[in-house]
Amino acid sequence: MAEETTTLEDLGEAMGTVEAAPALPEPKRDAQGRSYATGKRKDAVARVWVKPGHGKITVNGRELEVYFARPALRMILQQPLVAADRAGQFDVVCTVSGGGLSGQAGAVRHGISKALTYYEPELRGVLKKGGFLTRDSRVVERKKYGRAKARRSFQFSKR
């Protein structure tokens, strides 16, 4: 009778299979060594380029502190860089349009996260776990006919 296999390791040896580690995708960089990604949030769309540098972030040709004056919005932009432990190592250039400042900050954050994964694919796990790669699909609900707003009814009067 054939020899018995009692563990999974014995089965692997008997079958002659060797597990290979999953290969990471190749980094996507252009001729200037930058990675490009598009981020979206509400009605805002951000085009983001990431390259190695000293941590300078430029939004629509202006400094980060000038464009996003509120500290909360600046913190939102820094989140993926801090989570990946790459704060101060990358220069970020982005153009953003549409929506308000909060939506634009979310769009830039989404774009930075995607561009970082294109530049360094091994950061994908950290950014995915932090929820930075998921596009926040919540948008404003449309106004319905016969209503004052999306769900608000007109004021009722008995008279």
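Strand β3 (residues 57–59) and β4 pair up antiparallel, joined by two bridges. In one of these strands, β4, E63 is the bridge partner of T58. All of this comes from a predicted model, so here's a quick tour of the sheet, the helix lying across it and the aromatic pairs.

**The sheet**
- Five strands make an open sheet, and their order is β1-β2-β5-β3-β4 with mixed pairing.
- At the edges sit β1 and β4 (62–63), each of which pairs on one side only.

**The helix across it**
- Helix α4 lies across β1, β2 and β5.
- Relative to β1, α4 runs at about 150°.

**Aromatic pairs**
- The count of aromatic pairs comes to three.
- One of them is Y36 with W49, a tilted pair at 5.1 Å centre to centre and 45° between the planes.
- Y36 counts as partly exposed because its relative accessibility is 37%.
- F90 and Y119 have ring centres 5.2 Å apart and planes at 80°, so this pair goes down as edge-to-face.
- Here, too, distant parts of the chain are linked: F90 belongs to strand β5 (residues 90–97) and Y119 to helix α4 (residues 101–119), 29 residues apart.
- Both F90 and Y119 are buried.

Note on methods:
Residues numbered from 1 in each chain as written. Predicted model: local features only at pLDDT ≥ 70, side-chain atom pairs only at ≥ 80, totals over all residues. Heavy atoms only, no water. Phe/Tyr/Trp six-rings, centres within 6.5 Å; stacked < 30°, edge-to-face > 60°. Buried < 20%, exposed > 50% of the residue type's maximum accessible area, 1.4 Å probe, protein only. Helix = DSSP H or I, 4+ residues; strand = E, 2+ residues; numbered from the N terminus. Pairing = 2+ DSSP bridges. Contact = heavy atoms within 4.5 Å. Axes fitted to C-alpha atoms, helices over the stretch in contact; angles between N-to-C directions.
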